[in-house]
Amino acid sequence: MNDVTADQKARGRLTTRTMAMPADTNPAGDIFGGWVLSQMDIAAGICAGQRAQCRVVTVSLDSMSFIRPVKVGDILGVYTEIEKVGRSSMEIHVECWVRRGRIGKREKVTEANFKFVAIDDEGNPTPVPAETDLPEYAVESKV
C-alpha cells in the first residue's frame, strides 16, 4: 500500500464520524480492528441503503488494508463512495481517516470494498432503483 500524503483527499462523502474510546482497544492499546471494521460496515450500509431505498445486507468484503493504527481519542471519519450498481447489488468503496488527538494531524488509516444486496421484506433480492428515481438526498454529488 502506498504511503498516504498529508494533502491526499478522502474518496466519497463523509458518512459517519465517531470518537475512538478506551473500551474499544485491543491488548496492545490500539483500537481493535474489528471495531474499525464495524464502523466501516455501518457507514457502507447507510450509503447502500440510501442508494437502494430499502433494506440491504452485507454479502462480502474485499481488498481491506489497515494502513495505520487508530488510537484512543482519534476521531474516525468514514467516507463512502458507490463504485458499481448492479440489478440488486452495489459495491461501496469505504475509507477511514482519523483526526489525531481530536484536532491534530489527519491520516488515512484503512480502506476496503464492501458488496451489498438490496432485499425486500421477505429477504429476497430486489432491484436497485434507477438513479433518476432517487430522492435528492440519495444522489451522490459529483464534486
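**Figure 1. Nine salt bridges are found in this predicted model.** Glutamate 107 and arginine 68 form a salt bridge, with their closest N and O atoms 3.9 Å apart. Glutamate 107 belongs to strand β5 (residues 106-118), while arginine 68 sits in the loop between β2 (56-66) and β3 (75-85), so this pair ties together parts that are 39 residues apart in sequence. Arginine 68, at 22%, counts as partly exposed.

**Figure 2. Lysine 108 takes part in salt bridges with glutamate 95 and glutamate 111.** Towards glutamate 95, the closest N and O atoms are 3.4 Å apart. With glutamate 111, the N to O distance is 3.3 Å. Lysine 108 has a relative accessible area of 4%, and glutamate 111, at 12% relative accessibility, also counts as buried. Elsewhere among the charged residues, Arg68, Asp74, Arg100, Lys105 and Glu107 are joined into one network by salt bridges that share partners.

**Figure 3. Five strands make an open sheet with antiparallel pairing.** In what order do the strands lie? The order is β1-β3-β4-β5-β2. At the edges are β1 (13-19) and β2, each of which pairs on one side only. From one strand to the next, the twist averages 25 degrees. For a closer look at one pairing, follow β3 and β4, which run antiparallel over 10 bridges. Here isoleucine 82 has isoleucine 92 of β4 as its bridge partner.

**Figure 4. Helix α1 (residues 33-52) packs on the sheet.** Which strands does the helix touch? Helix α1 is in contact with β1, β2, β3, β4 and β5. The direction of α1 makes about 50 degrees with that of β5.

**Figure 5. The largest nonpolar core has 26 residues.** Two or more residues come from each of α1, β3, β4 and β5, and α1 provides the largest share, with eight residues. Leaving aside residues up to four places away in sequence, valine 70 touches Ala20, Asp30, Ile31, Val36, Leu76, Val98, Arg100 and Val109.

**Figure 6. One aromatic pair is present in the structure.** The ring centres of phenylalanine 114 and phenylalanine 116 are 6.4 Å apart and the ring planes are at 25 degrees, so the pair is stacked. Are these two side chains buried or exposed? Phenylalanine 114, at 3% relative accessibility, counts as buried. Phenylalanine 116 is buried as well, with a relative accessible area of 2%.

Definitions and conventions:
Residues numbered from 1 in each chain as written. Predicted model: local features only at pLDDT ≥ 70, side-chain atom pairs only at ≥ 80, totals over all residues. Heavy atoms only, no water. Salt bridge = Lys/Arg side-chain N within 4 Å of Asp/Glu carboxyl O. Helix = DSSP H or I, 4+ residues; strand = E, 2+ residues; numbered from the N terminus. Buried < 20%, exposed > 50% of the residue type's maximum accessible area, 1.4 Å probe, protein only. Pairing = 2+ DSSP bridges. Axes fitted to C-alpha atoms, helices over the stretch in contact; angles between N-to-C directions. Contact = heavy atoms within 4.5 Å. Core = buried A, V, L, I, M, F, W, Y, C linked by side-chain atoms within 4.5 Å. Phe/Tyr/Trp six-rings, centres within 6.5 Å; stacked < 30°, edge-to-face > 60°.
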